[in-house]
Amino acid sequence: MSRVALVTGGSRGIGAAISMALKEAGYTVAANYAGNDEAAAKFTAETGIKTYKWSVADYDACAAGIAQVEADLGPVDVLVNNAGITRDAPFHKMTREQWDQVIGTNLNGIFNMTHPLWTGMRERKFGRIINISSINGQKGQFAQANYSAAKAGDIGFTKALAQEGARAGITVNAICPGYIATEMVMAVPEKVREQIIATIPVGRLGETGDIARCVVFLASDDAGFITGATLTANGGQYMT
Ligand code: CAA
């Protein structure tokens, strides 16, 4: 039987590429999404990957959604915490709502998704948790106090949980994408985006597949000795 993988924010952007790459690698994939029904329906029609709607910011919705995925497909072996949002603003303009939304989805979301799955993974003595952090959690980013804080928190979460999962056969790793050509990055004003690209040594934005291939590797049996790691894929923009 093939392993089951659950990808949050899995019907668009980097998440869609991850869902498709895991399917291609032989996993049975469930893609969670929060809002865009049209994109999810199109994604399912094109890929055959089932989509499930709930907000990762809502703990009870995560528990219920995971229960539904497991009833449909079997126990989740691989969780990819990919769902993320931006609400960029210089700090003097940042509202409490912008702070709460980003922390709620990008940081609380990985707790909300991992917690309901943790006991089952421990009992089965296998699990792969892959958290999609960001270059901006490593280096900080102007106008992203909320996002940088959440993404740095994702790395701390990864390192702590890796220590707890190790003896139970569960690896927990983070991937830090740089600027990838997705709707999120295309929403940055063009002039600013050009300035950003000028700071990327490879001279271009990344592609969603660049991140998806990292996920497939970390999910594999070949990566069983890698845990608590932060895998950077940013075209050399920030070298840790
Ligand atoms: N460093 C220093 N100063 C900066 C700056 C920077 N990186 N970026 C902007 N500024 C300055 C501007 O020059 C301007 O200064 P002046 O007032 O002296 O002209 C000021 O800050 C900006 O003031 P504005 O009133 O114009 O700011 P705004 O409220 O319109 O906000 C912005 C504009 C949100 C900062 C916009 O420039 C922006 O979106 N920047 C990009 C932020 C970014 O990189 N976000 C990442 C999104 S992608 C992502 O998050 C995915 C991932 O993981 C990589």
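**Briefing: the fold and one residue in it**

Of the 240 residues in the protein, 48% are buried. The model is a predicted one. Its secondary structure consists of 9 helices and 7 strands.

**Overall size and packing**

- The radius of gyration is 17 Å, which agrees with the value near 18 Å that a compact globule of 240 residues would have.
- The C-alpha trace of the protein spans about 50 × 40 × 35 Å along its principal axes.
- Among contacts with a separation of 6 or more, 70% are between residues 24 or more positions apart.

**Surface and charge**

- The protein has an accessible surface of about 11300 Å².
- Carbon and sulfur atoms account for 54% of that surface.
- There are 21 positive and 22 negative side chains in the protein.
- The centres of the positive and negative sets lie 4 Å apart.

**Threonine 158**

- Threonine 158 is part of helix 6, which covers residues 145–165.
- Threonine 158 counts as buried because its relative accessibility is 1%, and buried means under 20%.
- Leaving aside residues up to four places away in sequence, threonine 158 touches Asn131, Val172, Asn173, Ala174, Gly228 and Ala229.

Terms used:
Residues numbered from 1 in each chain as written. Predicted model: local features only at pLDDT ≥ 70, side-chain atom pairs only at ≥ 80, totals over all residues. Heavy atoms only, no water. Helix = DSSP H or I, 4+ residues; strand = E, 2+ residues; numbered from the N terminus. Rg over C-alpha atoms; globule rule 2.2 N^0.38 Å. Buried < 20%, exposed > 50% of the residue type's maximum accessible area, 1.4 Å probe, protein only. Contact = heavy atoms within 4.5 Å. Areas by Shrake-Rupley, 256 points an atom, 1.4 Å probe, with all protein chains shown as cover. Lys, Arg positive; Asp, Glu negative; His and termini not counted. Charge placed at Lys NZ, Arg CZ, Asp CG, Glu CD.
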